[in-house]
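Keep the sequence and the 3D view open as you read.

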Amino acid sequence: MYFDLAIRSGKRHLDIAPVKQELSFLSEFIRKSQLYEPALIKTRIQQYEEYDFENAASAQLSKKIDVLTENCLKHILDFSQISSEEAGAFLAQVEAYRNLPDMTSTDSAAYKIRKQIAPLFYNIYFQVFMQAVEDEDAASPIIEMFLNFGFMDTKLAGEENAKAMYDLTGRLRQFKSERVYTIFTWLKSIYFGRNEPSKNEFELDYMAYLLEQRKNGDLTEEQVKKMQNDQKEKVRFEIQNMFTSANRITYGKVTTFCPILCEFDLINTIDKMAVTVDRLEEELNKIRKVDFTAFYREVNFTNAANDILNHELLMSEVLPDIILMPNAGTRAMMWQETADKRRDTRARFLFPIFTAANMEEMMIETVGRYRWEMCRKIQGVRWNDIREKSLTSEYCDYLQFYRKNRDLSADAKDKLKTAIQRAKNNYREVFVKDYQSWINYESKGSFRLNKVAREIMVVYCPFAKDIRAALKANPMYQISIPKFERDNAKKAQRLTALYEKYQKAGGEITEELKENLLYCQL
């Protein structure tokens, strides 16, 4: 691992002296420990000692001009190892696309070319991906630009943009964290078994899809058994379903979408449009500081040695995975509220890797949709049954019977009627608009919601303690915020007593138990 780190760091022209120092220490320890076969030790250490880090780094540096002098499209197609017929067909379509008088046109000729490019692009992507994961050191910066950014051609992307993206391949760590992935690193996490594929547009996960194919006669029982643990097929499923759909949707203009990155979409500099981990964390944390319960969920606590807290529901914060689609887009989306059937798994948010749109608004809208869909998942078939109190059931009841609601003025009813019409009777979208007002305006004391919507929000999307303190003296919140805080104080009092009893019986107050109590005190 250290050797691999030294090679990669050298190619990025970073200082590898500390890594080489660790390698020398480990080499000496391995020699003295006699834990391994002498022949194996000799081979491995010789491989390290004879590796020419300086020349490898220089060779990488000498490729700097490739992005402008080399035929990048041919470079990518050659690396993919697709057939000459497929490569020829794709080159012909790209050339036709380049020659369009207006590449953003919605006429039938332009639409047909874009439609023919898309499936060829994703097939090439799959082939390049497989070549790259089997030998990642063979992937040049041009291949990294393709896999992470959707870049294929300097003429289409523009020379300045191509150079900027080339430089960005040396700083790809800006797009990676424990919870943030480029599409390439996300697919790698599936290939190496760290994540499972996403659901497709029909809400079927990978296994459910295979069973459906078997049911339809498209797969045999034997094929299903073989494919269920085939990581390559899982990657193919993710590309053909989530990637293909989400790439188009996050781009924002679905009628003119082409998966190849083009200059007309890069309306600012690459660095300014780059959706980095820091930008994503900043926008997500802004919301968490206002709506502190946004990502908290109930999970069961069990302790075989002490049954006092057994089956107690604990509140645990589960932050989402964010996957960056290789386009210059204007939309974000909430693809899944959980990774699988379990409530304690991460949601999956999708963002374009480059955007000139308002990141703050994109994140608020995405979190709003997540809140609605998460509640639906938890409530199950009773998500809109008012007998089971929840965010979705109370909002549906409020929107369905607003005309008879005496707490709404005539003006409020007219505004709500317009909002429902604009949302095409989609109650979730009405809630999302209200949620945006809740975060952007209501939290600052600028009142945009009507009385009924505000009271629902106080209960299910409560403000953080400092915001509640600033607002509770206001007539709009004089009843709802104090009531919320009294309820929270009762919960905290109950938990404190329960925890004391648990400790006296020999139980240990774990981090998850501390987090649960803290939740009631926020």
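Q: In which sense do S5 and strand S6 pair?
A: This is a predicted model, where local features need pLDDT of at least 70, side-chain atom pairs count only at pLDDT 80 or more, and totals for chains, interfaces and linings use all residues. Residues are numbered from 1 along each chain as its sequence is written, and side-chain values use heavy atoms, with hydrogens and water left out. Strands are DSSP runs of E, at least two residues, and helices are runs of H or I, at least four, numbered from the N terminus; two strands pair if DSSP finds at least two bridges between them. S5 and S6 (residues 348-355) share three bridges, and the sense is antiparallel.

Q: Is Pro326 buried or exposed?
A: Pro326 is found in strand S4 (residues 321-329). Leaving aside neighbours within four places in sequence, its contacts (heavy atoms within 4.5 Å) include Phe149, Ile183, Phe243 and Ile353. Buried means under 20% relative accessible area, exposed over 50% and partly exposed in between, with a 1.4 Å probe and protein chains only. Because its relative accessibility is 1%, Pro326 counts as buried.

Q: How is H8 oriented to H12, roughly parallel or roughly perpendicular?
A: Helix H8 (residues 108-134) and helix H12 (residues 183-191) pack at about 65°, with axes 11 Å apart. Axes are lines fitted to C-alpha atoms over the stretch in contact, and angles run from 0 to 180 degrees between N-to-C directions. Under 35 degrees is roughly parallel, over 145 roughly antiparallel, 65 to 115 roughly perpendicular, and the rest oblique. That makes H8 and H12 roughly perpendicular.

Q: Which residues in H12 do Tyr125, Phe129, Met130, Ala132 and Val133 in H8 meet?
A: These five residues of H8 face a set in H12. The partners are Ile183, Phe184, Leu187, Lys188 and Tyr191.

Q: Which residues is Glu373 in contact with, leaving aside its neighbours within four places in sequence?
A: Glu373 lies in helix H18 (residues 359-379). Glu373 is buried, at a relative accessible area of 15%. Its contacts are Met334, Glu337 and Arg428.
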